[in-house]
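This report describes selected local features of one protein model. The sequence and the structure are shown first.

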Amino acid sequence: MSKVTRRAILKASAGVACGFGLGWTGNSIRSALAAPEPRILKPRKIEAKLTGTDLTRDVLTYDDAGVPPVLRMRKGEAFAARLVNGIDEPTTIHWHGIRVPNKMDGVPFLVQPYVYTGDQFDYVFTPPDAGTFWYHPHCNTLIQMGHGLTGVIVVENPADPEFDAEVVLNLRDWRLGGDGQFIEQYRPRDAARSGTFGTVRTANWIEQPQYDAPSGGLVRLRVAITDVTRIYSFRVQGSGATVIAIDGNPVPQAFPLDLLQLGPGQRLELAIRMPDNEGALVSLEDIRGTKSAVLATLRSVGASLRRDARDLAPLEPNPIDQVDVASAQHIRLALSATAENVSTDSICGSLGYSFWAINKVPWPGDTPDPTAPLAELKLGKSYVIDMENLTPQVHPIHLHGMSFKVLSSSKRQIQPQITDTYLIQADEKVQLGFVADNPGDWLLHCHIIEHQKTGMTSYLRVV
């Protein structure tokens, strides 16, 4: 008779979770069971050309070589992926921004077991929203993400307007020394401030890549910030650019890109009208800080298509439940620094410090007994998060599993944008409204990973 171990129990529960995530409707279950053959995603360690020096060792990817693949899905159609762990530590996959069933969310202990070396886990879900999303581990995130495990997701909608080209950019830094090899992923003094920045900046694992696009054509530029630290201030040079979506949702009203600040975890979609002259360049730049940086360029090729950006129809809104602000219950959420409690050792990695907190409670780490939820919410009810940033730092706050509407800000004029991540400024107060429409435990955290791993994490429970 074989011995029953805790690991075997976890694996068995993983199999159950794969088929019947909490909160699925009958239609969702039938859709999942009818899913196509799973896309195999196998984290592995490779060598990659990231700089002009030697190949960088210990790079992590989900593919045979190079940047993790762009996963393409269809709104309302079932998708399946099989995580086969090929690295020497546990991992998971989180589908950032996609409103998946809770058991598919990839957060260890909170919603699913670790996936150990050599084990596998099947993720099955139907994306309800179209847009630009991304995927990454939620285990030992600073190292696994910092070494490359970040990929972009495009959820397509057949009703979208027609573009002449599409370019997808995965923006991320690498912490490399002069020899092109990894150096320490973080410094404690920086983790207690804005985070530790990378030394090499890439788009699709290339420094300042260039892509061809039809002259006079309309390009859909999809940008995902998969970096663990860096906040961007975007500008486009060489042509006009229109913001059509942020964080997987169409903006209420498209607007010209002048200067837009976004942080880790956020996504941007631009409609760019290419110049008519062949060889003309359009550049996406980051002008945050003392020196601007070109992130990627587009080059006009061929005879001009003479498209007019004004001919583009707006993107179709995603089916997000509308918050009833008048009846909504309010949840106070204060972001602060802390010197309380040392984080708990975890299979999923700990930085060993506790610098940050939500509502004065620093997250202890990925443990079987997490802190109590920030609030217990009733399924289908409306809520408003009254969030206040008591720190001098900027924080991209991300909510798993649900989308919210930005209602008001104490520091700036805002559009009522639907999103899953809000970049809150120092000393800012903001109101975020949403309907608790997805049952389960949903993580809420800063997506500057050093902040997340040193305390600025909690969760909401929807029952």
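Predicted model: local features only at pLDDT ≥ 70, side-chain atom pairs only at ≥ 80, totals over all residues.

Strand β30 covers residues 440–446. Of its 7 residues, 7 are buried, so β30 is largely enclosed by the rest of the structure.

Two pairings of β30 are described here. Strand β25, residues 395–399, runs antiparallel to β30 and is joined to it by 3 bridges; in this pairing L399 stands opposite L444. Strand β31, residues 457–462, is also antiparallel to β30, with 6 bridges between them. The bridge partner of G440 in β31 is V462.

D441 is a residue of strand β30. Its relative accessible area is 13%, and because buried means under 20%, D441 counts as buried.

Which side chain does the side chain of D441 meet in a polar contact? The partner is the side chain of R461, at 2.7 Å. Beyond its neighbours within four places in sequence, D441 is in contact with N102, L110 and V111, and also with Y459, L460 and R461.

## The open sheet β1-β5-β7

Another part of the model contains an open sheet of 3 strands, ordered β1-β5-β7, with mixed pairing. The edges are formed by β1 (39–41) and β7 (120–125); each has a single partner strand, so one side of each is left without a neighbour in the sheet. On average, and with direction ignored, neighbouring strands of this sheet are turned by 20 degrees against each other.

Strand β5 spans residues 79–84 and pairs with β7 in the antiparallel sense over 6 bridges. Within β7, Y123 is the residue that stands opposite A81. In a regular strand, side chains alternate between the two faces of the sheet.

How many cavities of 30 Å³ or more does the model hold? The count comes to 8. The second largest cavity has about 80 Å³ of space. Its lining consists of 15 residues, of which A130, G131, R220, P250 and L315 are the closest to the centre of the cavity. The elements that contribute two or more residues to this lining are β13 (218–225) and β16 (249–256).

Most residues other than glycine have a negative phi. Two residues of the model are noted here for a positive value.

F109 is placed in the loop between β6 (94–96) and β7. Its phi is near 70 degrees, a positive value in a residue other than glycine. The relative accessibility of F109 is 30%, so this residue counts as partly exposed.

D427 lies in the loop between β28 (421–424) and β29 (429–435). Although D427 is not a glycine, it has a positive phi of about 65 degrees. Is D427 buried or exposed? With a relative accessible area of 54%, D427 is exposed, because the exposed class begins over 50%.

Notes:
Residues numbered from 1 in each chain as written. Heavy atoms only, no water. Helix = DSSP H or I, 4+ residues; strand = E, 2+ residues; numbered from the N terminus. Buried < 20%, exposed > 50% of the residue type's maximum accessible area, 1.4 Å probe, protein only. Polar contact = N/O pair within 3.5 Å; in protein donor to acceptor, adjacent residues only side chain to side chain. Contact = heavy atoms within 4.5 Å. Pairing = 2+ DSSP bridges. Axes fitted to C-alpha atoms, helices over the stretch in contact; angles between N-to-C directions. 1 Å grid on protein atoms, 1.4 Å probe; cavity = no way out; pocket = protein on both sides within 12 Å on 5 of 7 lines; lining within 4 Å. Points joined across faces, edges and corners; volume = space filled by probe spheres on them.
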